[in-house]
Amino acid sequence: MKEYAYYLSMERRLSPNTVSAYSSDVDEYIGWGGKPLSDGPDEIISYLEHCGDTVSPRSQARILSSLRSFFDWLVLEGRRADNPCDKAESPKIGRYIPAVLSVSEVGAIMDSVNQGTWQGKRDRAILELLYGCGLRVSEACGLLISSVFPDEGIVRIIGKGDKERIVPIGDVALEAFENWLEVRPETSPAYSDAAFINKDGKPISRISVFNMVRKQAMLAGVNKEISPHTFRHSFATHLLENGADLRIVQEMLGHESILTTEIYTHIDSGTWQASILEHHPRNK
């Protein structure tokens, strides 16, 4: 398992969270009684049926993806000749449409933050960057002060797979960020460049941001099941509603495929394909 985790991290360049999730799924399979070097398709299918008693189809699909990756690695290492997951069908999970906030709901959540404390100014800045720049929660937690360029109005983001992208930052988000920096407590040199810190002077955790978002939504009277990712999704949706190009939004979000962007923005492929064909000079 250590070798597999090393492969995921160093060769496939997956994030620590993904490495942990894949490894955990494989550990669960082995704990169930799975024998990676000898099990065939029947055992994989039996395990997925076993999981189906307690987890959703979406979770089953994730587990199958984890196992398929693990067996692919065993084949690559010459420890198996085949991947038994190849004959296991992924559960039908349907189209996932995440929640989206209205512009007024975003404003209500922002206004619900008490900025009378340094924690409040920090939380407001985090919310403004999640929504204003379309950041993932991990990107916000890992943001560096030196990656924000106020004069140029841009932010340098290191996203999934250590891929870099540059996104613009608007005046409202930038003002909230600068207000936070004015009251940001001193930290040890190790964390002096961390944009968002906790009371111990260390980078804020994803769990803390999740809890903060849910607390502020409750205070704002927003009765939706939301997470930090809801602000990223709302960012993309509101851009498109106001006429932004889908390809530009794709780049802003850091998606490799435009099909991923379409899921996040309620736009199906038929809509943007028709739009492209309508505006192409060689089509009537």
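Mentor: Two strands pair if DSSP finds at least two bridges between them. Helices (H or I, at least four residues) and strands (E, at least two) are DSSP runs, numbered from the N terminus. This is a predicted model, in which local features need pLDDT of at least 70 and side-chain atom pairs count only at pLDDT 80 or more, while totals for chains, interfaces and linings use all residues. Residues are numbered from 1 along each chain as its sequence is written, and side-chain values use heavy atoms, with hydrogens and water left out.

Trainee: How many bridges join β2 to β3?

Mentor: Strand β2 covers residues 154-158 and runs antiparallel to β3. Isoleucine 154 stands opposite proline 168, and isoleucine 158 stands opposite glutamate 164. The number of bridges joining β2 to β3 is five.

Trainee: Which residues are on the covered face of β3?

Mentor: Strand β3 spans residues 164-168. Its uncovered face has Glu164, Ile166 and Pro168. The covered face has Arg165 and Val167.

Trainee: Which side chain makes a polar contact with the side chain of arginine 165?

Mentor: Arginine 165 lies in β3 and is buried, because its relative accessibility is 9% and buried means under 20% relative accessible area, with exposed over 50% and partly exposed in between (1.4 Å probe, protein chains only). A polar contact is a pair of N or O atoms within 3.5 Å; within protein, one must be able to donate a hydrogen and the other to accept it, and residues adjacent in sequence count only if both atoms are side-chain atoms. At 2.9 Å, the partner is the side chain of glutamate 139.

Trainee: Is arginine 13 buried or partly exposed?

Mentor: Arginine 13 sits in the loop between α1 (2-11) and α2 (16-32). Its phi is near 60°, a positive value in a residue other than glycine. Because its relative accessible area is 43%, arginine 13 is partly exposed.

Trainee: Which residues is valine 209 in contact with, leaving aside neighbours within four places in sequence?

Mentor: Contact means heavy atoms within 4.5 Å. On that basis valine 209 is in contact with Ile126, Leu130, Val137, Cys141, Ile204 and Pro228.

Trainee: How many disulfides does the count come to?

Mentor: A disulfide is a pair of cysteine sulfur atoms within 2.5 Å. Cysteine 133 counts as buried at 0% relative accessibility, and cysteine 141 does at 10%. The disulfide count comes to zero.

Trainee: What percentage of the residues in the protein is buried?

Mentor: The protein has 13 helices and three strands. Of its 284 residues, the buried ones make up 40%.
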